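Student: I'm new to this and would like to learn how to read contacts and ring pairs. Can you walk me through it?

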Amino acid sequence: MEGKSTGKAIGIDLGTTYCCVGVWRKQHEMVEIIVNEQGNRTTPSMVAFASTERLIGDAAKFQISTNPTNTVFDAKRLIGRRFSDPCVQADIKLWPFTVVEGKDDKPMIQLTYKGEKKLFAAEEISSMLLHKMKAIADQYLKCDIKDAVITVPAYFNDSQKRATRDAGKIAGINVMRIINEPTAAAMTYGFSDAFTGKRTVLVFDLGGGTFDVAVLSVEKGKIAVKAVGGDMHLGGEDFDNRMLNFCVQHFNRKYKVDMCTSAKALRRLRSECERAKRTLSSDVETVIDIDCLYQGNDFFAKIRRAKFEELNADLFERCMEIVKKCLQDADMSKPQIDDIVLVGGSSRIPKVQELLRQFFDRKELCKTVNPDEAVAYGAAVQAAALNDEDVPFMLTDVTPLSLGILVNDDIMKVVVPRNTPIPTRRETSVTTGYDDQTTIVFQVYEGERPLSVHNNLLGEFELKGIQPARRGVPKIEVCFQVSAEGILKVFAQDKQTGTCNEITITNDGGRLNKAEIKRMLGDAQRFLKEDVQMKKKKMAKNNLDSYIYNTKSRVTDAKSKGTVKHSDAEDIIKILNEVEEWLDDSEQAEVGELENQLEQLQFNRLPPFVKNL
């Protein structure tokens, strides 16, 4: 359900590998992408638990090679999924961190923090990333941001969207709306210099973990989605995995070992594979060279672009099959597409661009939008529009997955086909399955498989009071109504008796119950307090360390000039060395102890003349 705005709003791209945040600037009529504390416009989607602190973003990525089992990435690939999902099981084999089965088949990430094992849901990890992006915006805009639009892959199902909304709630964000990533990118295109008049656009969004395609009609102030397609498990991480597997086999074959038993070695090699992939987008050859990778053995390999393309050929072809299917769903031919807009870091891969150009009969690709920032840009535009900031944009979306009900023999009867423009209202008729049946249980599903068991159950309700009759005689009218925000209402009515019932399926319930969300909110606040305390501790340590270093330098300089006696200088440096040794050995020292040590040096332990040096 759409949230109510309470002030300035931001747009957040919650990516599989990187996050990005933007805000609409009314005076310039454009979105400003907000840089993080490292000066970067994107932030790694990583959360790490070190021995004494939690690290998010760049800080987490910097230490991943030394702490791989307690550094989480790819949380988006778990959110809203079940532990038994084959995709989850395949990913678990590749991740250095541990994922275990939780209650109700929910995947839980197991980490060690401060000597204790802790379990985290994917929603909690995502909430930490969302809070980080909110904090980046808070600091830059100098206010407490409450409202945000968050983006998700177009092919996310209802459970995944609800789980993302829950992550926002745990992060203390009022989620104004969840919108699809290619739709957000199309909004960015609508503001670009390449946009003129009414255009039909295909957005090709190949990110770190997901792939989306959308065909949209873009006109000044209006965006209408015609069709969407995608694969929730296809992206840059999969290309990295192919190269990683190739390198591991090469290493194991050469040294007759199995390096898969070392999480650190695999993490180091994966990082180099990712770097090599990026290099191969601009060069035709690169080198992976790692000293002492495993058991004292070095790794060296030349990787050519042709080899990388060979390793991922089937994945690249899968992308093109999805593009073809999306065009068919939109009932459009290749010449009807005015622009192909590239989004997502993996869209930079030369082979991907070559296949796209070939598919569209050598048509030039549109590169006027920044692939890494386009989604956050569009989300910020949507946030401003919902926040009544006079942004001239009207969005018409579609249902990404078919909606229907369970009928006999576990068959899902589709009522609202996928890619139906919303808002919409669709009706169908059902009847009883046996004589004198007076009650029907309606189970509402979404998905594209014929059997309901393979699709996603959204909810169920019961219609009682049906007039007893022979099987097939009663006529029950079922109506599906989808609002512009994706809120689904399902009505069922017995036409003879007038008996009716309904169910409303919104995006604000989530898979987490109220107690779980409350607990996670409490944990989030506790982690935030710990982060603040750790920051204070680091500042106190830094202040003490700086004072020791600066005082030593001034005393040494004064001794060399003869303005301080040799014996006095030696006594002062001895005291400073003692405190420095204490600082090195006191990892667990609290803020108060650190501040007290500094105060003692400044006012008690050192001679008064030190202040004047």
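This is a predicted model: local features need pLDDT of at least 70, side-chain atom pairs count only at pLDDT 80 or more; totals for chains, interfaces and linings use all residues.

Student: Okay, which residues does Q160 touch, not counting residues up to four places away in sequence?

Tutor: With those neighbours set aside, Q160 touches I79, G80, R81, Y155 and M232. You'll find Q160 in helix α4, residues 158-170.

Student: Is Q160 buried or exposed?

Tutor: Buried means under 20% relative accessible area. Q160 has 1%, so it is buried.

Student: And how do I read aromatic rings?

Tutor: A pair of aromatic rings is described by the distance of the centres and the angle of the planes. This structure holds 13 aromatic pairs. Take F73 and F97: their ring centres are 5.4 Å apart and the planes sit at 90°, so the pair is edge-to-face.

Student: Where in the chain do F73 and F97 lie?

Tutor: F73 is in the loop between β7 (71-72) and α2 (86-92), while F97 is in the loop between α2 and β8 (98-101). They are 24 residues apart, and the pair links distant parts of the chain. Both F73 and F97 are buried.

Student: What about the rings of F359 and F360?

Tutor: Their centres are 5.0 Å apart with planes at 80°, so that pair is edge-to-face. F359 is buried at 16% relative accessibility, and F360 is buried at 5%.

Student: Which charged end sits over the ring of F359?

Tutor: That's K334, 4.2 Å from the ring centre of F359. Over the ring of F73 you'll find the charged end of R267, 5.0 Å from the centre.

Key
Residues are numbered from 1 along each chain as its sequence is written. Side-chain values use heavy atoms; hydrogens and water are left out. Helices (H or I, at least four residues) and strands (E, at least two) are DSSP runs, numbered from the N terminus. Buried means under 20% relative accessible area, exposed over 50%, partly exposed in between (1.4 Å probe, protein chains only). Contact means heavy atoms within 4.5 Å. Rings of Phe, Tyr and Trp (its six-membered ring) pair if their centres lie within 6.5 Å; planes under 30 degrees apart count as stacked, over 60 as edge-to-face and the rest as tilted. A charge sits over a ring if NZ of Lys or CZ of Arg is within 6 Å of the ring centre and within 35 degrees of the ring normal.
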